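Colleague: Before I use this model, I would like to go through the terms and see what each one rests on. Please set the values against the cut-offs.

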Amino acid sequence: MKDELSILIPAYNAECCPLVDSLCRQMATLREKGVTVELVVVEDGSTDAAALTANAAIANREGCR
């Protein structure tokens, strides 16, 4: 059996990049141990343009969408 982990973060008017950066470091450690890891940030209807712009960059990180 292959070890897999999915992390889901709902985002509403908040910049998630600091949290995602921290999780990405932890995900890298898990990958080294053979665990398949993905992180999904779900936009939940935000109206804050700054948060939307900042969070768009998350899709460029490995294992994130």
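Colleague: In what order do the elements of the chain run from the N terminus on?

Modeller: The order is β-α-β-α, and the chain comes to two helices and two strands. Helices (H or I, at least four residues) and strands (E, at least two) are DSSP runs, numbered from the N terminus. This is a predicted model: local features need pLDDT of at least 70 and side-chain atom pairs count only at pLDDT 80 or more, while totals for chains, interfaces and linings use all residues. Residues are numbered from 1 along each chain as its sequence is written, and side-chain values use heavy atoms, with hydrogens and water left out.

Colleague: What makes β1 and β2 a pair?

Modeller: Two strands pair if DSSP finds at least two bridges between them. Eight bridges join β1 to β2, and the two strands run parallel. In this pairing, proline 10 stands opposite valine 42 in β2.

Colleague: How is the handedness of the β-α-β crossover defined, and which hand does it have?

Modeller: With the strands pointing away from the viewer, a path from the first strand over the helix to the second that runs clockwise is called right-handed. The chain crosses from β1 through α1 to β2, and this crossover is right-handed.

Colleague: How do you know whether the length of α1 agrees with its number of residues?

Modeller: The expected span is 1.5 Å times one less than the number of residues. For the 16 residues of α1 that should give 22 Å, and the end C-alpha atoms are 22 Å apart, so the two agree. After α1 comes glycine 34, with a positive phi near 90 degrees.

Colleague: Why does asparagine 55 count as buried?

Modeller: Its relative accessibility is 13%, so asparagine 55 counts as buried. Asparagine 55 is in helix α2 (residues 49-56). Leaving aside neighbours within four places in sequence, asparagine 55 is in contact with Ala11, Ala14, Glu15, Cys16 and Cys17.

Colleague: And why is asparagine 13 put in another class, partly exposed?

Modeller: At 28% relative accessibility, asparagine 13 counts as partly exposed. Asparagine 13 is in the loop between β1 and α1, and has a positive phi of about 55 degrees although it is not a glycine.

Colleague: What makes a set of residues a nonpolar core, and which members of the largest one touch the most others?

Modeller: The set must be buried Ala, Val, Leu, Ile, Met, Phe, Trp, Tyr and Cys residues joined through side-chain atoms within 4.5 Å. The largest has 15 residues, of which Ile9, Cys16, Val20, Leu39, Val41, Ile58 and Cys64 touch the most other members. Two or more residues come from each of β1 (4-11), α1 (17-32) and β2 (36-43). The largest share, five residues, comes from α1.

Methods:
Buried means under 20% relative accessible area, exposed over 50%, partly exposed in between (1.4 Å probe, protein chains only). Contact means heavy atoms within 4.5 Å.
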